[in-house]
Structures are given as structure tokens and as C-alpha cells.
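I opened this notebook to keep track of what I looked up in the structure, one topic at a time. The sequence and the model come first, and my entries follow.

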Amino acid sequence: MATNPNDPVRNIVTRQIYLNRYSNNVSNRILAILNNAYLDAVNQLRAIDLGQSGTSANSYHAQRLRAFMLQTRQTIATATIQAEGILVPALQGVTEAQAEFIQRQLAIAIEGGVIDGRTIGKTLSADTIPSNVVVNTVEVPPNFAREIATRDPNDIPLILQRDKAQSLAKAVADTPVTVNLRTPLGTELARTMDNVPIVKRFRAITEGSADLFDRQVRIGLMQGETTDQISRRLVGAVQYAEDRTFLGKGSAIEAKNTQVRTLVRTSVQSVTNAANQAVYQANQHVTKGYRYLATLDSRTSAPCRALDRKVFNHGEGPVPPIHFNCRSTTIPYINYEALGIPAPPTGTRASVDGQVPADLSYEDWLKQQPAAAVQRILGKGKGKLFLEGKVTLSDMVRSDGREVTLAELKGRQ
């Protein structure tokens, strides 16, 4: 889908596609390290004789098994540290890039906003350009990703470098101002991650797969399997991608790969939405708040469906990701009236059906779908109530984000 440089809403939605691709690229690089560590361990397993399952705990074979599993855990731990060396810099880089991107989109949205002395998106006539409107920039500290990945997600600081013309009265010109985004971003991130820092959760995934590796080896020996049979169950058929990255679908590989991809995608969503919110809050002379934007397709979660296109004041609404694999984002809600400039014509946004008007909400989009599609997305019972106009998407979600049951919906009729 081509990006229209003069349509900030469409640009931000399109940006999500590229962020998803970026997440996939980071995941692939991480999994290349982890999967090859598992493959090395399996190759070592194939090469040794672990004896019969009936050997005593103190036998040579039992001691060799313990030594092998200890070595395997050390190999996986080393690979985990190497993978973190990819994850944390990737999160730092995408946060910095996102802050710059959103600043530019905000300047384009107000037709002539100034960033670092440069006028951006100057398409109106000279007498209508608000040349006095300065878009404040957000400086992402060099340790931001490390902090967000390793510490309590309830405290996420970004540094706002305010322009002289827009310095707050309490701030000294050219002095960075720390903004604590504890609410709502930290709250939402803490809920999504169950208050577990990203790196700690990542290590739990790799440690869990090491435990699974250990159990599968022991179970295989007890069942009289050969090391080759155990190896195939662990990593599946040995195949390689074009870049020589190991591919496998064994029990120790597949679950871990899915978990890693989910964590990376959610982490990228977390830091990029942190950047979005920081830029919006740094420019409250331009933005009245922000608008929640979900994805218009059948895979969108119930909470995101209900929140789509709703507007929230700064620090008062939910911020994506509100669950793992959340694909939602936010766009600035511009105060055009206060700025004294005309609002731009309605643009478009992406949907599974192609481009649709930007002001089309998920609820209205769903009403345009065939009845069978509605019931497939909502469930037969809830879909019927929705099509009959008896409930809304908001009715289907509790205040804590959990779905309302069909029985509860019917009880409200």
C-alpha cells in the first residue's frame, strides 16, 4: 500500500505494517541464534551413548546424562544473552525512529509545523500557515530500551527537549524535562506483561524450553527410544532457510518460537506506542488527546474492537498494547479550532477489504460485513444480538478488558 505523505493518519496506519515486518525481522535474528543452539545440543545428543533407562542414578551413563544436560543449559543460556544483545538495541532503535516519525506526522497534520527550525508539510498558502506553531521534539535516552526491558514497566521515562519558543514556564530553556508516563502507558504495559520486565519474560521462555528439552530426553530414555528418535521429537526434521537459519518444528522448538515472536512483537508495540504518547504529551498545545485505532479484520480482539476510534485525554485512556500480540496503535487528535486552521478532508485507513474512510470505526465496518462473517468474528449468539441492534461492541467488554459472556448479554435484554 503506497503512503500518501500528506495524510498523517494513513501514514501512521501504514507504519504499523512496517513495524510488524520489523518485529518479524528481529524475531528471525533472535530465533536463528536460539534454534541453532538447540540444534547443536541435539547433534551432541545424537553423538553420545546415554545407555539404558534402567541404569542407576550413580552409573556412568546417568552421570554423563547430567553433564550433558548441564552443558545444554549453559549453551542455551549463552544463546539467550546473545539474543538479548539483538533485542535491546532493536527496541532502542525503533523507539528513536518512531519518535522522529510521529513528530514529523504531527507537523504535517498541522500544515507547516516547525521541527528544529525546519517547516514540515508546508502545503497551505503562506497566509494560512501557523508559522508560530512549534512541534516539540522528544529525545529518547540512550538507556531507554535497557530500562524498559529490565525494570518495572510502571515507570517509563522519556526526555522531552522543548524548543525555546515552547518552553514551559517551570522549565529552563534548552533543559530536558523528564516526563513520567506511569499513567496510562506504564499501567497498560504492566498489565500486558503481568508486571514482568521484557528480559525476565524472555529468559523464562528460554529456560522453560531448556526444561522441556531435559524432560523430553528423560522421557525418551524411559520409553526406550534411541537418541535419534528423541532428537527428531525435539527439533523435527532438520531444514534450513535460504540464509542457513535452522528451521524445526519439534516440541522444544515450536512452542518457544511462537512465544519469542509474540514477545518481540508486543515489545515493539510497547516501545513505539510509548514514543507516540511522549510526542503527543509534549505537544498538548497541538493535540487535544489521542485516538485509539484498531485493525479492521477478523483477528482483532474484543477490547480493541470496542476501543477503535475512541478519543481519550492525555494520561486518561488505554494505550496499546493492551494484550499480547496487540496490533492497535494511536493517532493524534489535533486541536484544529484552537490552532485556527481548517481541518483536512477525511482520508482513508486500511482494512482487510482495502482502503476505507478514515472515520469508519470497527463497529461500523462490522455492520457492513455479511451476517456469516459477523457471527464468525463475534460468535453466533453475540453476532445475532449485534446484527439485531441489541448490543454494541462496547457492551461485550467489561471495564477490565475481559469479554462479557453471551448469558450475561442476554440477561441484560
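How many of the 413 residues of the protein, as a percentage, count as buried? I found that 51% of them do, where buried means under 20% relative accessible area, exposed means over 50%, and partly exposed lies in between (1.4 Å probe, protein chains only).

**Ground rules.** I noted that this is a predicted model, in which local features need pLDDT of at least 70, side-chain atom pairs count only at pLDDT 80 or more, and totals for chains, interfaces and linings use all residues. Residues are numbered from 1 along each chain as its sequence is written, and side-chain values use heavy atoms, with hydrogens and water left out.

**Confidence.** I looked up pLDDT, the predictor's confidence in each residue, from 0 to 100; its mean is 79, and 75% of the residues reach 70 or more. It stays under 50 over residues 121-131 and also over residues 160-185. Where pLDDT is low, the predicted coordinates should not be read in detail.

**Overall make-up.** I listed 13 helices and twelve strands; helices (H or I, at least four residues) and strands (E, at least two) are DSSP runs, numbered from the N terminus. Of the contacts (heavy atoms within 4.5 Å) with a separation of 6 or more, 65% join residues 24 or more positions apart.

**Cores.** I then searched for nonpolar cores, each a set of buried Ala, Val, Leu, Ile, Met, Phe, Trp, Tyr and Cys residues joined through side-chain atoms within 4.5 Å. The largest has 62 residues, and Ile30, Ile110, Val260 and Ile334 have the most contacts inside it. Helix 2 (residues 60-109) gives the most to this core, namely 14 residues. A second, separate core has 19 residues, among them Val374, Leu385, Leu393 and Val404. Leaving aside neighbours within four places in sequence, I found Val260 in contact with Ser27, Ile30, Leu31, Leu34, Phe202 and Ile205.

**Helix 11.** Which residues of helix 11 (residues 371-378) are buried? I recorded Ala373, Val374, Ile377 and Leu378. They lie on the same side of helix 11 because they cover an arc of only 115 degrees around the axis, the arc being that of the directions from the helix axis to the C-beta atoms. On the other side of this helix, Ala372 and Arg376 are exposed. The buried residues pack against helix 8 (302-307), helix 10 (362-367) and helix 12 (380-387). After helix 11 comes Gly379, whose phi is positive, near 100 degrees.

**Helices 5 and 6.** I noted that helix 5 (residues 198-222) and helix 6 (residues 227-235) pack at an angle of about 145 degrees, with their axes 10 Å apart; axes are lines fitted to C-alpha atoms, for helices over the stretch in contact, and angles run from 0 to 180 degrees between N-to-C directions. The contact is made by Phe213, Gln216, Val217, Gly220 and Leu221 of helix 5 and by Ile230, Arg233 and Leu234 of helix 6.

**Backbone exceptions.** Most residues other than glycine have a negative phi, and most peptide bonds are trans. Against that background I noted Arg309, whose phi is near 70 degrees and which lies in the loop between helix 8 and strand 9. Asn325 has a positive phi of about 65 degrees and lies in the loop between strand 9 and strand 10. Arg309 is buried, with a relative accessible area of 17%, whereas Asn325 is partly exposed, at 32%. The peptide bond from Pro320 to Pro321 is cis, with omega near 5 degrees.
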